[in-house]
Amino acid sequence: MLGNQDAIATVAVKDFETARRFYEDKLGLERVEPASEGIANYKAGGTKLLVYTSQFAGTNQATTVTWVVGNDFDAILQSLQSKGVAFEHYDGLPDVTRDGDVHTSNGAKLAWFKDPDGNIHHLNSL
């Protein structure tokens with residue numbers, strides 16, 4: 001039924017203009033259609049990322065979006081760091097080691113960062 005359908009990540013934000021600057025300027029995302037009041041769709045690989053204004057923004061304490069970046073992991077991490085994106089450090093996770101901002105597990109490089117509303121984004125090298 002849904003296995004052959006595309007899905008998009010949906011991220012709630014409180015301050016649309018602050019979020020827009022973060023997603024466009026820091027993450028380098030391009031809007032794929034004109035933004036309506038408090039809503040923007042961004043191109044993310046072969047899918048979209050929907051950012052919209054909500055009073056419930058930032059209440060999720062789990063990962064909101066995972067970016068599978070493959071061999072571009074190091075370059076993307078460095079680019080985000082150079083733009084002032086701060087990375088989260090999760091020590092004590094089972095089977096995970098950390099060196100600076102990079103966590104490693106089962107051969108995968110992992111990193112997490114938050115948007116201005118506290119939504120958690122995850123970079124994964126696999």
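I began with Glu33, which is partly exposed at a relative accessible area of 34% (buried means under 20% relative accessible area, exposed over 50%, and partly exposed in between, with a 1.4 Å probe and protein chains only). I noted that this is a predicted model, in which local features need pLDDT of at least 70 and side-chain atom pairs count only at pLDDT 80 or more, while totals for chains, interfaces and linings use all residues. I also noted that residues are numbered from 1 along each chain as its sequence is written, and that side-chain values use heavy atoms, with hydrogens and water left out.

**Entry 1: around Glu33**

I placed Glu33 in the loop between β2 and β3 (strands are DSSP runs of E, at least two residues, and helices are runs of H or I, at least four residues, both numbered from the N terminus). Leaving aside neighbours within four places in sequence, I found Glu33 in contact with Asn41 and Lys48, where contact means heavy atoms within 4.5 Å.

With Asn41, the side chain of Glu33 makes a polar contact of 3.0 Å between side chains (a polar contact is a pair of N or O atoms within 3.5 Å; within protein, one must be able to donate a hydrogen and the other to accept it, and residues adjacent in sequence count only if both atoms are side-chain atoms). With Lys48, Glu33 forms a salt bridge whose closest N and O atoms are 3.4 Å apart (a side-chain nitrogen of Lys or Arg within 4 Å of a carboxyl oxygen of Asp or Glu). Lys48 lies in strand β4 (residues 47–53) and Glu33 in the loop between β2 (30–31) and β3, so this pair ties together parts that are 15 residues apart in sequence. Lys48 is itself partly exposed, with a relative accessible area of 34%.

I then turned to Asn41, which sits in strand β3 (residues 39–44) and counts as buried at 12% relative accessibility. Apart from residues up to four places away in sequence, Asn41 touches Glu30, Arg31, Val32, Glu33, Lys48, Leu49 and Leu50.

**Entry 2: other salt bridges**

How many salt bridges does the count come to? I recorded 7 salt bridges by this rule.

One of them joins Arg31 to Glu24, with the closest N and O atoms 2.7 Å apart; Arg31 is partly exposed at 32%, whereas Glu24 is buried at 18%. I saw that Glu17, Arg20, Glu24 and Arg31 are linked in a network of salt bridges. Elsewhere I looked at Asp91 and Arg98, whose side chains meet in a salt bridge of 2.8 Å, N to O; Asp91 counts as exposed at 56% relative accessibility, and Arg98 is partly exposed at 35%.

**Entry 3: helix α1**

I listed the buried residues of helix α1 (residues 16–26) as Phe16, Ala19, Arg20, Phe22, Tyr23 and Glu24. These buried residues pack against β1 (9–13), β2, β3, β4, β9 (108–114) and β10 (120–124). At the start of α1, I found a side-chain oxygen of Asp15 reaching to within 3.2 Å of the backbone nitrogen of Glu17. After α1 comes Gly28, whose phi is positive, near 75 degrees.

**Entry 4: the largest pocket**

Rolling a probe the size of a water molecule over the atoms shows where empty space is left. On a 1 Å grid over the protein atoms alone, a pocket is an open set of points where a 1.4 Å probe fits, with protein on both sides within 12 Å along at least five of seven lines, and lining residues have an atom within 4 Å of a point.

I noted a volume of about 260 Å³ for the largest pocket, the volume being the space filled by probe spheres set on the grid points, which are joined across faces, edges and corners. Its lining includes Lys26, Leu27, Trp67, Leu80, Phe113 and Leu123, and the lining residues divide into 8 nonpolar, 1 polar and 2 charged (Ala, Val, Leu, Ile, Met, Phe, Trp, Tyr, Cys and Pro count as nonpolar, Asp, Glu, Lys and Arg as charged, and the others, Gly among them, as polar).

Which helix gives the most to this lining? I found that helix α2 (residues 73–82) does, with 3 residues.

I finished with Leu80, which is in helix α2 and is buried, with a relative accessible area of 6%. Not counting residues up to four places away in sequence, Leu80 touches Lys26, Leu27, Val85, Phe87, Phe113 and Leu123.
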